[in-house]
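Biologist: I am new to this structure and would like to learn how to read its features one by one. Could we start with the backbone?

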Amino acid sequence: MDIQEIKTLLPHRYPFLLVDRVEELIEGEEITAYKNITTNEEVFQGHFPHHPVFPGVMIIEALAQASGILGFKTQGKTPEGGSLYLFTGVEKAKFKRQVVPGDKLVLKSRVMTTKRNLWKFECTALVDGDVAASAIISCMDHKVA
């Protein structure tokens, strides 16, 4: 799935669209996507100018966006159709490795549970096969008026 299709499934846009490509998606089960971390990321102007490190909260957001793509695709919904996936929680977040310019941040998310419009995902972010971060992320499918 390229960036054009991703943009039909996520309402986010620059500088907050954090998924560059989807490599694999099995509806109702799992997704593998990635974000290329470049030196041009706006966040590096302040985090940190002389030692750029991609913030952990941005990694969690990237994982939530990948999870949202999985949820949208599974349900056949889109933001244009009046649906939004809202981030409702994060549990057991762990950060094990710094993510820096030049890294390819691989985003993996697997559906744990779904109840009505609430989804729970087991997520892992990797760089060069090493775990950079992991978390359990909850999202809610919210109907927009």
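Modeller: Take P15, in the loop between α1 (3–9) and β1 (21–26). This is a predicted model, so what follows describes a prediction.

Biologist: What is the form of the peptide bond from Y14 to P15?

Modeller: The general idea comes first: most peptide bonds are trans, and most residues other than glycine have a negative phi. The bond from Y14 to P15 is cis, with omega near 5°. Another cis peptide bond joins H47 and F48, where omega is about -15°. F48 is placed in the loop between β2 and α2.

Biologist: Which phi value does R116 have?

Modeller: R116 is not a glycine, yet its phi is positive, about 55°. R116 sits in the loop between β4 and β5 (118–127). D128 is likewise a residue other than glycine with a positive phi, near 55°. D128 belongs to the loop between β5 and β6 (130–143).

Biologist: Is R116 buried or exposed?

Modeller: The cut-off for exposed is over 50% relative accessible area. R116 has 85%, so R116 is exposed. D128 has 68% relative accessibility and therefore counts as exposed too.

Biologist: Now the pockets. How does one find them?

Modeller: Rolling a probe the size of a water molecule over the atoms shows where empty space is left. Here the largest pocket has a volume of about 180 Å³.

Biologist: Which residues lie nearest the centre of the largest pocket?

Modeller: They are Y14, P15, K35, E41 and E42, out of 14 lining residues. Y14 and P15 are the two residues joined by the cis bond described above.

Biologist: How should I read a pair of aromatic rings?

Modeller: A pair of aromatic rings is described by the distance of the centres and the angle of the planes. A search of the whole structure finds four aromatic pairs. One of them is F44 with F54, an edge-to-face pair, 6.2 Å centre to centre and with 70° between the planes. F44 and F54 are 10 residues apart, and each is in the loop between β2 (30–36) and α2. Both F44 and F54 are buried.

Biologist: Where in the chain do F72 and Y85 lie?

Modeller: F72 is in helix α2 and Y85 is in strand β3, 13 residues apart, and their pair links distant parts of the chain. The pair of F72 and Y85 is edge-to-face, with 4.8 Å between centres and 80° between the planes. Buried means under 20% relative accessible area. F72 is at 1%, so F72 is buried. Y85, at 12% relative accessibility, counts as buried as well. Ring pairs also link F72, Y85, W119 and F121 into a cluster.

Biologist: What sits over the ring of Y34?

Modeller: The charged end of K104 does, 4.2 Å from the centre of the ring.

Biologist: Let us turn to contacts. What does Q65 touch?

Modeller: Not counting residues up to four places away in sequence, Q65 touches L10, H12, F16, L17, L18 and V19. Q65 lies in helix α2 (residues 56–75). Its relative accessibility is 1%, so Q65 counts as buried.

Biologist: Which residues are in contact with A135?

Modeller: Leaving aside neighbours within four places in sequence, they are I60, V90, E91, K92, A93, F121, E122 and C123. F121 is also a member of the ring cluster. A135 is in strand β6, and at 4% relative accessibility A135 counts as buried. The C-alpha atoms of A135 and E122 are separated by 6.4 Å, while the two residues are 13 residues apart along the chain.

Biologist: How far apart are Q98 and A132 in sequence and in space?

Modeller: Q98 and A132 are 34 residues apart in sequence and 6.6 Å apart in space, C-alpha to C-alpha. Q98 is in the loop between β3 (83–95) and β4 (104–115). With residues up to four places away in sequence not counted, Q98 touches H51, V53 and D103. The relative accessible area of Q98 is 46%, so Q98 is partly exposed.

Methods: Residues are numbered from 1 along each chain as its sequence is written. This is a predicted model: local features need pLDDT of at least 70, side-chain atom pairs count only at pLDDT 80 or more; totals for chains, interfaces and linings use all residues. Side-chain values use heavy atoms; hydrogens and water are left out. On a 1 Å grid over the protein atoms alone, a cavity is a set of points where a 1.4 Å probe fits but cannot get out, and a pocket is an open set with protein on both sides within 12 Å along at least five of seven lines; lining residues have an atom within 4 Å of a point. Grid points are joined across faces, edges and corners, and a volume is the space filled by probe spheres set on the points. Helices (H or I, at least four residues) and strands (E, at least two) are DSSP runs, numbered from the N terminus. Buried means under 20% relative accessible area, exposed over 50%, partly exposed in between (1.4 Å probe, protein chains only). Contact means heavy atoms within 4.5 Å. Rings of Phe, Tyr and Trp (its six-membered ring) pair if their centres lie within 6.5 Å; planes under 30 degrees apart count as stacked, over 60 as edge-to-face and the rest as tilted. A charge sits over a ring if NZ of Lys or CZ of Arg is within 6 Å of the ring centre and within 35 degrees of the ring normal.
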